[in-house]
Structure formats: structure tokens, C-alpha cells
Amino acid sequence: MRTVGLTALATTAGIEALFSSADNKSVRKPGKGLSLRFLPYDLQLRHTFTLSNSSRNSTPDILTRIELDGVAGYGEASMPPYLEENTETAIRFLSSLDLSRFTDPFQMEDILQYVDSVMPGNTAAKASVDIALHDLVGKLMKQPWYRIWGFDPAKTPNTSFTIGIDTPEVVRQKVAEAAPYKILKVKLGLSTDRQMIETIRSVTDRPLCVDVNQGWTDRVKALETIHWLKEKGVVFVEQPMPKTAVDDMTWLTQKSPLPTIADEAVQRLADVMKVHGVYNGINIKLMKCTGMREARKMITLARALGMKVMIGCMTETSCAVSAAAQLSPEADWADLDGNLLISNDPYSGMKIVDGKVTLIDRPGIGVEVVKRVF
């Protein structure tokens, strides 16, 4: 294996030059099998992104490409801090893979089982391989994945648009920018929760959902707040309490007038059974669950258990968001706005039309390169 030195994180303007350089972070395996390449990429946020426990202006990302016989599939690994992955860990993981041992990309179960077995964790890095492989196979089949899976593109839900915690002035600005969206997702979890909702309600009466990011610790106060939120037109509450507060969360779900959705509390397929009865539904994100393959299995299990399903994302490019969108016809709710929150998206993919997730009739995950990256 040839592994070359890591340069500074790329920007959209410099990404093409970076990949033509001899000093890029690109991995090619000899032989006639699958070829994997990857590139660090820093996602620049349009606004400071503030949650109940953190704030940031960028998100580290790895762009991936898997190629066979001149056909390329694209993927990515977005790594917000709570995933406990970073550029270094992702590069270490991706550098350890030998995809050249696989000559048939249609053997997806074998390939992705191998990828998952190489190291524990690294779910975003694994997702970057899964997405790129799905994109490649879909292109070889000349079909988009929603059609391969038999999903009806007319059944895609509206997507929410995220409003991060901020000052009233900035919150009103963000709401104005979100005018095309029919539902807003509001970040809560600080002492300003009611101010956030009242500020938004001063300028719009659109339906809201809230994401507390584990920010509430008192279940009685949490229940009181949820009753108040229901009166304000909120439709569900995501991860209201710490993921470790299982008993309190079970109590809250039983008494809550709004559905409760697990996010940080559910990562992979094995977690779905653990949160059954603790929450009413789950938020599936490709970066948490290693990609499209496992996400579909999580949907199947959640439905069998009578749970609600939400398809979400991190701050991502159109690559990963479009991959997640392939699953959206099977979801009750979608939060697929991660590409809209960044200013340096090198891809174009699924669109939001009149607030609705709209799938593109392109093969694979439906993306095309806007700025050449590989």
C-alpha cells in the first residue's frame, strides 16, 4: 500500500490542485480490485452552530471515492465532535482497508462486513466507504438506489431546517432564510429555550420540532416544558434527556403529549431494541450507523417494533445528504438540511422543492461533482 503525507485541510478552491499534487492523502491499492481514495475536507458553516453543549464554525470531513474500471462512486465521513472521530482517526482507519481484494462490487454484504470488522467504532469513516460503494454499484446498474430498493419517490417527507441556538436577532434572521421550508427544527437545551421558541413564534407560525441534544436533566421540568411546547405548535421532541437517563426517559415518554425521538441514544442496529419503549422513535443518521446498508436494516426493525422513523444528517455535503435521501420515502420525518448549512459544497444532489425532499433521477446516490475533487 502507498500512503502519502497529509496536507492542510482542503477548501473548495484548492481541492483540485491538492489532488493533483504528489503530496496528497490518496490511497490506491495495486491490482484489479476496488480502488479507494480519500481527502480531508473542512466543511465551513454559514452560521456558528450552537448546541446545548458545544459551538463550532466548521466540521471536519473526509471525502472518499471508490473506483472500478473507470467508474467512480463518491462518499464522505462527516465528524462532529460527539461522534469521537476526527481526521486523524478516519485516515488511520481508511488507510488500513484493502478493498483491492474485492473485484466484484456487487458483493456488498461481504465488502461492508469486512469494512466493519477491521476496527471497532469509526462509524463515519465506515459510512464514507458504504456510501461510495452504493454510489458505484448504482452507477453500474444505471439506477438510483431508491428505485433499486423499490421506494416510491412521491412519498418523501418535507425536511426540517435547523435553527441553532443564538441571539433573538440572529434567530429571526435564520428563520427568514428558512422561508422555503415547511417545518423548522429548533435547537434547545439551555436557559434560553422559551426565549428561542417565543422569538421564532414572533415571526412565523410554521410547525416546529425541537432537538434538545440531551440538555434537560430534570424529568418533571422536561415534562412541563413539553406541554408548553405542544401549545406552541411543536410536533415532536428529539433527545430531551441524557442518553444514560433511561429510567427518566421511559417515564417522560410515557407521560409526554408529544412523541420523543432518540438521537444520541441510538447509533446502530443493535441499539434499536435498547431504545424500544424508552422513546417513541429513532433518528437514523448514516454517520452514526456506518451507512446506507445498516440504515435500511434499522428502518425495517423500527417499523416492526411500531416505532417512528426520522432520517437525519450531520453537517454534510450533498453527497451524504443525497445518500440518506434515498431512504427518505420510508421515513415519517426528514432532517436533511446539512448541505444547506455549509458554504463550500463540492457536489450537487437531491433538492428541496417547496420544502419537500425531492430525489434526483440519477444513478447511484444521485450526486454529480460541481467542483472536481478527485
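Select Leu140 to start. At 31% relative accessibility, Leu140 counts as partly exposed. The cut-offs are these: buried means under 20% relative accessible area, exposed means over 50%, and partly exposed lies in between (1.4 Å probe, protein chains only). Leu140 sits in helix α4. Helices (H or I, at least four residues) and strands (E, at least two) are DSSP runs, numbered from the N terminus.

The model on your screen is predicted: local features need pLDDT of at least 70, side-chain atom pairs count only at pLDDT 80 or more, and totals for chains, interfaces and linings use all residues. Residues are numbered from 1 along each chain as its sequence is written, and side-chain values use heavy atoms, with hydrogens and water left out.

**Stop 1: a surface patch**

Together they form a nonpolar patch on the surface, with about 250 Å² of accessible area. Patches are made of residues with over 30% relative accessible area and no salt bridge; like charges are joined within 9 Å, nonpolar side chains (Val, Leu, Ile, Met, Phe, Trp, Tyr) within 5 Å. Areas come from the Shrake-Rupley method with a 1.4 Å probe, and for residues only the protein chains shown count as cover.

**Stop 2: helix α3**

Select residues 108-118, which make up helix α3. Which residues of α3 are buried? They are Met108, Ile111, Leu112, Tyr114 and Val115. Now look down the axis of α3. Its buried residues fall within an arc of 150°, so they line one face of the helix. The arc is that of the directions from the helix axis to the C-beta atoms.

What covers these buried residues? The cover includes α2 (87-96), α4 (123-141), α5 (145-148) and α12 (292-304).

Stay on α3 and pick Asp116. Its side chain meets that of Lys126 in a salt bridge (2.8 Å, N to O). Asp116 lies in helix α3 and Lys126 in helix α4, so the pair ties together parts that are ten residues apart in sequence. A salt bridge is a side-chain nitrogen of Lys or Arg within 4 Å of a carboxyl oxygen of Asp or Glu. Side chains of opposite charge can pair when their charged atoms come close. Asp116 is partly exposed, at 25% relative accessible area. Lys126 is buried, at 3%.

**Stop 3**

Go to Ser100, in the loop between α2 and α3. Ser100 is buried, with a relative accessible area of 17%. Its side chain makes a polar contact with the side chain of Asp98 (2.5 Å). A polar contact is a pair of N or O atoms within 3.5 Å; within protein, one must be able to donate a hydrogen and the other to accept it, and residues adjacent in sequence count only if both atoms are side-chain atoms.

**Stop 4: strand β3**

Select Ala72 in strand β3 (residues 71-78). Is Ala72 buried or exposed? Ala72 is buried, at 11% relative accessible area. Leave aside its neighbours within four places in sequence, and Ala72 is in contact with Arg65, Ile66, Glu67, Asp135, Leu136 and Lys139. Contact means heavy atoms within 4.5 Å. Ala72 and Ser35 are 37 residues apart in sequence and 9.2 Å apart in space, C-alpha to C-alpha.

**Stop 5**

The structure holds 22 salt bridges. Pick Glu198 and Lys232, whose side chains meet in one of 3.4 Å, N to O. The pair links distant parts of the chain: Glu198 is in helix α7 (residues 193-201), Lys232 in the loop between α8 and β7 (234-238), 34 residues apart.

Then pick Arg268 and Glu294, joined by a salt bridge of 2.6 Å, N to O. Arg268 lies in the loop between β8 and α10 (269-275) and Glu294 in helix α12, so the pair ties together parts that are 26 residues apart in sequence. Glu294 counts as buried, at 9% relative accessibility.

Finish this stop with Lys185, Lys187, Asp211, Glu238 and Asp335. They are linked in a network of salt bridges.

**Stop 6: Asn339**

Asn339 lies in the loop between β11 (333-334) and β12 (347-348). Asn339 is buried, at 10% relative accessible area. Its side chain makes a polar contact with the side chain of Ser318 (3.1 Å).

**Last stop: zoom out**

Show the whole chain. The protein chain has 13 helices and 15 strands. Buried residues make up 58% of its 374 residues.
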